[in-house]
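Subject: Structure handover

Hello,

Here is the structure for you to look at. Please open it next to this email and follow along.

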Amino acid sequence: MFLEDFMGMMKKLLYSMLIILLVASAGFTAEKKVRWKLAMTWGPTLHPLSDTAEHMAEIVKELSDGNFVINIDASNVHKAPFGIFDMVKLGQYEMGHTASYYYKGKNIAFLPLTTMPFGMTAPEQYAWFYYGGGVELMQEAYAKHGMLAFPGGNTGNQMGGWFTKKINSLKDLQGLKMRIPGFAGQIMSKLGVTVTNIPPGELYTALERGTVDAVEWTGPGMDINMGFHKIAKYYYTGWHEPGSEVEFLINEKEYNKLPEKYKKILKIAMKTAAYDMYIQSYEMNAEAWQQMKEKYPDIKVKVFPEEVLKEMKTAYDSLVASYEKESPMFKKIMKSKRAYLDKVRDWTHISDYLYLKSTSESNLK
């Protein structure tokens, strides 16, 4: 009887010790729980832009077994669509999803980190970011602001705009009223265009009433919901934003607090979500263009006349030269992008361009 009692006590003791060890072990190995907030420039329905941060946060949560959670605030929540830079810098949000060229007023060197007229296509620019030193230059540009920046998704080649009038020559641009913001707007202004920036919600009415003669937005996937194709039948191909990359901004102090595992997860999630946005943009554009063609067969896709494109390029070169004098960092980034484009464009030409040219349906009939 004594032996049985003793064995019973030993079993209970060992069981208790095992429980204590398991609890202690679980407490020792438990993943750190992290809760971040991310502010977007975009509203919740501006697809695919609004989907990208959500996708990134889903990947982070899944790979961290739910221990690293990033909550998303769209612009209708925080009410400051172009205040992402300051909110992340000040630590109000640990992360942001925005576009660098919105903040050229803070540092002109941010401008080419999104895209540049006559520059790289999305695949070329992704190659530059990840294998040509682009991401490293992003960090250098943002370092003095206490932030990190990473590619955050690409719209692909944006269209040159919807025009109610056909552009046959430079003369047709004189006095033409157009909504086209940023660097491209500066170039068009040099060509005699009256450039205006109208809130998105008022663009359709402005085009319909003739307040503007042309509107640049993005591409079919995002343009279709704006309805411009119902009014303007001339759809001009792009020149100004051949590969617009938005970005993830991160407060550097908060990033440095993360365990190394979470840093790796975050980088994987950003890279995956960014490229997925490019794929989604491509699909949306293809689908929307088919709908536009079917319902509005009078839409005419046009390329700007050669003399217009040459003047655009001249104006572009002049503006870039002035910015390079103003900012050594801008000059450094542009030098890197030009050198990489000189290398990569040869391959783009003999692979994609000549493939499309030689195998087009008209050539094979």
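Below are some notes on strands and surface patches.

This is a predicted model: local features need pLDDT of at least 70, side-chain atom pairs count only at pLDDT 80 or more, and totals for chains, interfaces and linings use all residues. Residues are numbered from 1 along each chain as its sequence is written, and side-chain values use heavy atoms, with hydrogens and water left out.

**The open sheet**

Start with the strands. Helices (H or I, at least four residues) and strands (E, at least two) are DSSP runs, numbered from the N terminus. Two strands pair if DSSP finds at least two bridges between them. Six strands make an open sheet with mixed pairing. Their order is E7-E6-E8-E5-E9-E11. The edges are strand E7 (194–196) and strand E11 (300–302), and each pairs on one side only. Strand E6 (residues 177–179) runs parallel to E7, with three bridges between them. Lys177 has Thr194 in E7 as its bridge partner.

**Strand E10**

Why is strand E10 largely enclosed by the rest of the structure? Strand E10 (residues 245–251) is enclosed because seven of its seven residues are buried. Buried means under 20% relative accessible area, exposed means over 50%, and partly exposed is in between (1.4 Å probe, protein chains only). Both faces of E10 are covered. One side has Glu245, Glu247, Leu249 and Asn251. The other has Val246, Phe248 and Ile250.

E10 also has pairing partners. Strand E3 (residues 95–98) pairs with E10 in the antiparallel sense over four bridges. There, Met95 stands opposite Ile250. Strand E4 (residues 147–154) is antiparallel to E10 too, joined by six bridges. Here Asn154 faces Glu245.

**Surface patches**

Now the surface. Patch residues have over 30% relative accessible area and no salt bridge; like charges are joined within 9 Å, and nonpolar side chains (Val, Leu, Ile, Met, Phe, Trp, Tyr) within 5 Å. A salt bridge is a side-chain nitrogen of Lys or Arg within 4 Å of a carboxyl oxygen of Asp or Glu. Accessible areas come from the Shrake-Rupley method with a 1.4 Å probe; for residues, only the protein chains shown count as cover.

Trp347, Ile350, Tyr353 and Leu354 form a nonpolar patch, with about 440 Å² of accessible area together. Trp347 lies in helix H13 (residues 328–359). Trp347 counts as exposed, at 56% relative accessibility.

Glu54, Glu58, Glu62 and Asp65 form a negative patch. Asp and Glu count as negative. Each charge is placed at CG of Asp or CD of Glu. Glu54 sits in helix H2 (residues 49–63). Its relative accessible area is 36%, so Glu54 is partly exposed.

Best wishes
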